[in-house]
Amino acid sequence: MFCCFSGNLTCRRQQEGMARSIIYITGSELLSLKRRPNIAIVDVRDDERSYDGHIAGSLHFASDTFLDKIPTLIQAANGKDTLVFYCALSQVRGPKCARTLAEYLAESKDDVGIKNIMILQRGFNGWEASGRPVCRCTEVFCKGHTEPA
Ligand SMILES: [Zn+2]
């Protein structure tokens, strides 16, 4: 169904083989991945972001408008090869948006350089419950805390 979004996209299915697989990572794995410059963290919660805070450095793409915003996400993630999705628990919205993106990329003939799609286990709630850093800025594209050099 995604192939007719843009006149530039040709309907092609499965010619490139398997769609990207989606893997789950833990909070501590994300903490070490976060040090790399080629990772983007995507928060797909809806209103909760505005009152619960978010993972520092995450981009906000609410799940209810996610599909329409995929081109914006791809632009925002330019130069990143790994995207990590999370929602409150990473049980419904996070996996759904990750799959939506994987399907979109599988249908697209452009290689946008996204190689890995991941989901943060236990989502934001698990992250916060483990005492990991939470940012409360109001930026849609959070710049995150300054990491020690
Ligand atoms: Zn922030």
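A salt bridge is taken here as a side-chain nitrogen of Lys or Arg within 4 Å of a carboxyl oxygen of Asp or Glu. In this predicted model, the side chains of Lys143 and Glu139 meet that condition, with N to O at 4.0 Å. Lys143 is exposed, because its relative accessible area is 69%, while Glu139, at 38% relative accessibility, counts as partly exposed.

The count of salt bridges comes to six. Another of them joins the side chains of Asp46 and Arg93, at 2.9 Å from N to O. This pair links distant parts of the chain: Asp46 sits in the loop between β2 (39-43) and α2 (48-52), whereas Arg93 belongs to helix α4 (residues 93-107), 47 residues apart. Arg93 has a relative accessibility of 21% and therefore counts as partly exposed; the cut-off for a buried residue is under 20%. The side chains of Glu128 and Arg136 also form a salt bridge, with 3.6 Å from N to O. Glu128 is partly exposed at a relative accessible area of 35%, and Arg136 is exposed at 56%. As a general point, side chains of opposite charge can pair when their charged atoms come close.

Turning to the metal site, the zinc ion is coordinated by NE2 of His54 and by the SG atoms of Cys135, Cys137 and Cys142, at 2.2 to 2.3 Å. The four donor atoms subtend angles of 105 to 114° around the zinc ion, so the arrangement is tetrahedral. For that label, all angles have to lie between 85 and 135 degrees. The ideal angle for four tetrahedral donors is 109.5 degrees. Along the sequence, the spacing of the donor residues is H-x80-C-x1-C-x4-C.

As for the overall fold, the chain has five helices and seven strands, which follow the pattern β-α-β-α-β-β-α-β-α-β-α-β when read along the sequence. Five of the strands form an open sheet with parallel pairing, in the order β1-β6-β5-β2-β4. At its edges are β1 (22-25) and β4 (58-60), each of which pairs on one side only. From one strand to the next, the twist averages 35°. Strand β6 (residues 116-120) pairs with β1 in the parallel sense over four bridges, and within this pairing Ile117 of β6 is the bridge partner of Ile22.

Helix α3 (residues 66-76) touches β2, β4 and β5 (82-86), and its direction makes about 140° with that of β5. Helix α4, which also supplies Arg93 to the salt bridge with Asp46, lies across β1, β5 and β6 and runs at about 175° to β6.

Of the 149 residues of the chain, 44% count as buried. Among contacts between residues at least 6 apart in sequence, 70% join residues at least 24 apart.

Terms used:
Residues are numbered from 1 along each chain as its sequence is written. This is a predicted model: local features need pLDDT of at least 70, side-chain atom pairs count only at pLDDT 80 or more; totals for chains, interfaces and linings use all residues. Side-chain values use heavy atoms; hydrogens and water are left out. Donors are N, O and S atoms within 2.8 Å of the metal (3.2 Å for Na, K and Ca); water is not among the atoms, so sites may look incomplete. Four donors count as tetrahedral if all angles lie between 85 and 135 degrees; four count as square planar and six as octahedral if opposite donors are over 155 degrees apart and all others between 65 and 115; anything else is irregular. Helices (H or I, at least four residues) and strands (E, at least two) are DSSP runs, numbered from the N terminus. Buried means under 20% relative accessible area, exposed over 50%, partly exposed in between (1.4 Å probe, protein chains only). Two strands pair if DSSP finds at least two bridges between them. Axes are lines fitted to C-alpha atoms, for helices over the stretch in contact, and angles run from 0 to 180 degrees between N-to-C directions. Contact means heavy atoms within 4.5 Å.
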